[in-house]
Amino acid sequence: MTTSPNSYYRTCTLNLAADYKDGKSYLSNVFFTSPFKIMKPFHIKPNLMTVMMQTASAGILKGDTQEMTFDINENARMELLSQSFEKLHKMDGGNARRDCKIKVGKNAFFKYSPLPTIPFYDSGFDSTIDVELEDDSSQMVLMEVLCGGRIAYGEEFQYRYYNSTIRAHKAGKLIYNDNAMYNPSEIDMKSLGMYENFTHMANLLFFNMKEKAENLELIRSLIEETPNVEGGASLIQSGDTSVKLLGNTAQELVDLCEKITAAIM
């Protein structure tokens, strides 16, 4: 879908490249336009650079477009966090979008884990994430958490739609394609086969992580021992791991995703 402009809409750009030198990952290229900003990278974990994305904005408005690219070059290791939940404001019948392109080089690692997205009443949003893994040594963890709306404001599933497309290629070959369309105006989102009476969803992907088959049992046990959360883990055709989770708060899903990721890594 195309966005519906208004007097204050804008296209926002964030481009980051990570490289590796002298035993440490660093940002070799940084470019952003308002309202994007980034904090100075920090290294809490050994051999892993953490970058926090910030926005000097109250959220995404009708007509906005976000364009993000992340190049994680050979041997670099980076995780991307965000400062706050992403808020999709009321759009008066319009919509907004985000296009994210990710490249992970040889022996490189990228963890993409922004905080959850909250779609407000009457918001419409299209999210596209395209991942290019150079080869079997290119590792990535991708986390996406979607709230059911501003629940405390009585806006449970009151957004118009949220479309999420995630595609991953390895050495030029398509290995994963998830085209999820959440349309509360046409579908009972809490029904069987959708959110199963829950209000929040998490999508967690692991590409080129080791001991893939053994990971499934570990992930499933972590899900089973977590109260108020349901979900499952499976191997896709490439042998990589897909995890889907349902819960009633964003924080419990974020916490479980981080727990699973820590166990796998």
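Student: What makes the space of about 30 Å³ a cavity, the largest one?

Tutor: A cavity is a set of points, on a 1 Å grid over the protein atoms alone, where a 1.4 Å probe fits but cannot get out. The volume is the space filled by probe spheres set on the points, which are joined across faces, edges and corners. A search of the whole structure finds one cavity of 30 Å³ or more, and the largest cavity holds about 30 Å³. The model is predicted: local features need pLDDT of at least 70, side-chain atom pairs count only at pLDDT 80 or more, and totals for chains, interfaces and linings use all residues. Residues are numbered from 1 along each chain as its sequence is written, and side-chain values use heavy atoms, with hydrogens and water left out.

Student: Which strand gives the most to the lining of the largest cavity?

Tutor: Strand 14 does, with three residues. A strand is a DSSP run of E, at least two residues, numbered from the N terminus. Lining residues have an atom within 4 Å of a point; among those of the largest cavity are Glu-144, Asp-178 and Lys-244.

Student: How is the lining of the largest cavity divided by class?

Tutor: The lining has four nonpolar, two polar and three charged residues. Ala, Val, Leu, Ile, Met, Phe, Trp, Tyr, Cys and Pro count as nonpolar, Asp, Glu, Lys and Arg as charged, and the others, Gly among them, as polar.

Student: What is the volume of the largest pocket?

Tutor: About 340 Å³ of space lies in the largest pocket. A pocket is an open set with protein on both sides within 12 Å along at least five of seven lines. The largest pocket is lined by 27 residues, and Ser-82, Glu-86, Arg-98, Pro-114 and Leu-115 lie nearest its centre.

Student: Why is Val-141 called buried?

Tutor: Buried means under 20% relative accessible area, exposed over 50%, partly exposed in between (1.4 Å probe, protein chains only). Val-141 has 1% relative accessibility and therefore counts as buried. Val-141 is placed in strand 12 (residues 139-146).

Student: Which residues touch the most other members of the largest nonpolar core?

Tutor: They are Phe-70, Met-78, Ile-102, Phe-110, Tyr-112 and Met-140, out of 34 residues in this core. A nonpolar core is a set of buried Ala, Val, Leu, Ile, Met, Phe, Trp, Tyr and Cys residues joined through side-chain atoms within 4.5 Å. Contact means heavy atoms within 4.5 Å; the residues that Phe-110 touches include Phe-70, Met-78 and Val-141.

Notes
Helices (H or I, at least four residues) and strands (E, at least two) are DSSP runs, numbered from the N terminus. Lists of a residue's contacts leave out its neighbours within four places in sequence.
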